Amino acid sequence: MNSRSRKRILYVATEDWYFISDTLPLAMAARDEGYQVAVAARANGREDVIRNAGLEFHELRRISRSGTGAVSESRSVAELAHLYRSLAPDLVHHIALKPILYGALAARGMPDMALVNSVMGLGFVFTSRSAKARILRPLMAGALRTALSRPRSRTLVQNKDDLEAVARLSPGARDKLRLVRGSGVDPIRFAPSPEPRGVPLVVLPARLLRDKGVEEFVAAARALKASGLKARFALVGEPDTGNPASVTKDQIEGWVGDGIIEHWGFRPDMPQVYRQATLVCLPSYREGLPRVLLEAAASGRAVVTTDAPGCREVVRAGVNGWLARVRDVDTLTSALGTALSDPHLRARYAAEGRRLVEQHYAANIVIGQILGIYDELLSTRR
């Protein structure tokens, strides 16, 4: 019998859809390697996708991305602690900051259970300039420092900036940090295709949050259309009401009504979206490692993004795309205008982006790294 068949891995995420979009291929690969695999998340109508993939699903009722009250947080920790005791997993993989923090507290008193923490980006608390974020930042940093101190643990970060930021929070935990470049992208599913003919189309595929640069994208589209440039601009995604940085439906309806952008909503067929696009834009303030930029590059599309952590890991100015300054409409407008005016340069950048994905970001490469980390932790006991 494969020794892995006796090992149980539990993945913990806040939402079922978030787990599906980012971590499902990894969990399926772990299952195929012989691990017993379970998933815990809030159920938002996508849990059958997880079950149909042959994985156990356990609904979390207490955990949420937006709750920060002491009562709600203590209940979330208690719910996870009960689940950990009842399932007795050999390894728990926490996806994003809130599961990392709650999960570390829930796992106290269970020293033989290994933990893997995926920092998917430092999030609203670390990127927002709001008063709420400034208040929460030192509290979150202290809690994260505690989470990283666990002996049988590894913390995965997706870019060099986050690696240094997390290392500064807990210098003694640097040997437990691993740089793993995202969750990988399937270069077969996201295959190159010729640029479409006709009026150029620029898409911003993301949750519609202010810190994804949605407002700067709309302002740049407005300026370029006012200058006489013939192009279409589309937001592909929905607002995220659970996130304080979400734009509102009224804002989106106003932009659409003014004829500035199109709103395509959530699209499950992202390869088709990239085939329709001329250019992909993500003017984010900060990322872990943005999946949409990897998908765009794999699909043979040049990219305009920002010189921000995570984004500049994928896009290199003058190599496979254009970098604008963060929160800067003028440099974003200039980059988009340049990209739309030069199809030969777009083609060159697209080819280089595809090559980078194949060499560094393909799913089989990244998943192999993470499975190796599981083996590293599970081959030793406390």
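Axes are lines fitted to C-alpha atoms, for helices over the stretch in contact, and angles run from 0 to 180 degrees between N-to-C directions. Helices (H or I, at least four residues) and strands (E, at least two) are DSSP runs, numbered from the N terminus.

This is a predicted model: local features need pLDDT of at least 70, side-chain atom pairs count only at pLDDT 80 or more, and totals for chains, interfaces and linings use all residues. Residues are numbered from 1 along each chain as its sequence is written, and side-chain values use heavy atoms, with hydrogens and water left out.

**View A. Helix H9 packs on helix H14.** The axes of H9 (residues 214-226) and H14 (residues 329-341) come within 9 Å and cross at roughly 60 degrees. The two helices are therefore oblique to each other; angles under 35 degrees count as roughly parallel, over 145 as roughly antiparallel, 65 to 115 as roughly perpendicular and the rest as oblique. H9 passes H14 in a right-handed crossing. A crossing is right-handed if the near helix is turned clockwise from the far one by less than a right angle, and left-handed if anticlockwise. H9 brings Glu216, Phe217, Ala219, Ala220, Ala223 and Leu224 to the contact (heavy atoms within 4.5 Å). H14 answers with Val329, Leu332, Thr333, Leu336 and Gly337. Eight residues of this contact are nonpolar, two polar and one charged. Ala, Val, Leu, Ile, Met, Phe, Trp, Tyr, Cys and Pro count as nonpolar, Asp, Glu, Lys and Arg as charged, and the others, Gly among them, as polar.

**View B. Helix H12 packs on helix H15.** H12 (residues 291-298) and H15 (residues 343-361) pack at an angle of about 115 degrees, with axes 7 Å apart. Their crossing is left-handed. Leu294, Ala297 and Ala298 of H12 meet Ala350, Gly353, Arg354, Val357 and Tyr361 of H15. The contact holds six nonpolar residues, one polar and one charged.

**View C. The largest cavity.** A cavity is a set of points on a 1 Å grid over the protein atoms alone where a 1.4 Å probe fits but cannot get out; a pocket is an open set with protein on both sides within 12 Å along at least five of seven lines; lining residues have an atom within 4 Å of a point. Grid points are joined across faces, edges and corners, and a volume is the space filled by probe spheres set on the points. The largest cavity holds about 90 Å³ of space. Of its 14 lining residues, Ser118, Gln158, Gly182, Ser183 and Ile370 are closest to the centre. Strands E4 (91-95) and E6 (153-157) each supply at least two lining residues.
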